[in-house]
Amino acid sequence: GTGLHHFEKRFGLDRMFDVGICEQHAVTMAAGVAAEGLVPYAAIYSSFMQRAIDQMVHDVALQKLPVRFVLDRAGFVGADGPTHHGQFDLAMLGCVPDMKICAPGDEAELSNMIYTMSKLDDGPSAVRFPRGSGEGVPIPVVPEFLEPGKGRVVKEYDGKEEEPSIVLLSLGARLSECKKAAQALSEKYGHHVTVADARWMKPLDESMICALAKGHDVMVTVEEGSIGGFGSHVLELL
């Protein structure tokens, strides 16, 4: 389900281990691999990461081991049904010590984030992404390192008009919907809208978020998650 058979075909079974439906074992095994100085990625469905939160805290985070968690099917998953909705990962992982958490707005960003995580050696990290196809953007041949805790402004309101302004602050796959919403708000209602991509929930881009909040009348956070996730972290910051 995670698509790692493509990795296996290219690199072989000495670099890809399928432990079956044993998420707790997968996390502790990844911790052992990291302790030996290798670069493990633990690919697990977001909803089933819930089963291994104990191992994530005790075997990975408290040991400050650089295990990279790749959480597939984050957010709503359509036909897979409610057992597979990955709604709680942001809230759960957000309180794990030293955990870095990112979420891509498209497949190019996902490629960059997977690469970035390979360079993070001071503790655990996680990327979460949805089920289904991407946005159709080109995937970079040479991925870019994305500095943890740095977001980006995708569409900027110049701040010259006096009418009320809005900022849509997105984390993850709803970025394209935020762009559509910004266009609709502008064309139909005359609102001035900025769209920003947080990229990281932990650490947050505090300077960007505070500047956006100060420069706009309304801030709306957008995510596919539960209470305690991205929006809660932004609210706590402000």
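Colleague: How many cavities of 30 Å³ or more does the structure hold?

Modeller: A bit of background: this is a predicted model, where local features need pLDDT of at least 70, side-chain atom pairs count only at pLDDT 80 or more, and totals for chains, interfaces and linings use all residues. Residues are numbered from 1 along each chain as its sequence is written, and side-chain values use heavy atoms, with hydrogens and water left out. A cavity here is a set of points, on a 1 Å grid over the protein atoms alone, where a 1.4 Å probe fits but cannot get out. With that cut-off of 30 Å³ or more, the count is one.

Colleague: What volume does the largest cavity have?

Modeller: Grid points are joined across faces, edges and corners, and the volume is the space filled by probe spheres set on the points. For the largest cavity that gives about 70 Å³.

Colleague: Is strand E6 largely enclosed or largely open, and why?

Modeller: Strands (E, at least two residues) and helices (H or I, at least four) are DSSP runs, numbered from the N terminus. Ser165, Val167 and Leu169 point one way from E6, Ile166, Leu168 and Ser170 the other, and all are buried (under 20% relative accessible area, with exposed over 50% and partly exposed in between, using a 1.4 Å probe and protein chains only). Because six of the six residues in 165-170 are buried, E6 is largely enclosed by the rest of the structure.

Colleague: Which residue in E7 stands opposite valine 167?

Modeller: Strands pair if DSSP finds at least two bridges between them, and E6 has six to E7 (residues 192-197), running parallel. Within E7, the residue opposite valine 167 is threonine 194.

Colleague: And in E9, what is the bridge partner of leucine 169?

Modeller: E6 also runs parallel to E9 (residues 218-222), with five bridges joining them. In E9, leucine 169 is partnered by threonine 221.

Colleague: Over in E4, which residue is the bridge partner of lysine 100?

Modeller: E4 (residues 125-128) has Ser125 and Val127 pointing one way and Ala126 and Arg128 the other, all buried. Three bridges join E3 to E4, and the two run parallel. The partner of lysine 100 in E4 is serine 125.

Colleague: Is arginine 73 buried or exposed?

Modeller: Arginine 73 sits in the loop between E2 (68-72) and H4 (89-93). Its phi is near 60°, a positive value in a residue other than glycine. At 13% relative accessibility, arginine 73 counts as buried.

Colleague: Which two residues does the cis peptide bond join?

Modeller: Check the loop between E8 (200-202) and H7 (206-215), where proline 203 lies. Omega is about 0° at the cis bond, and the pair is lysine 202 and proline 203.

Definitions and conventions
On a 1 Å grid over the protein atoms alone, a cavity is a set of points where a 1.4 Å probe fits but cannot get out, and a pocket is an open set with protein on both sides within 12 Å along at least five of seven lines; lining residues have an atom within 4 Å of a point.
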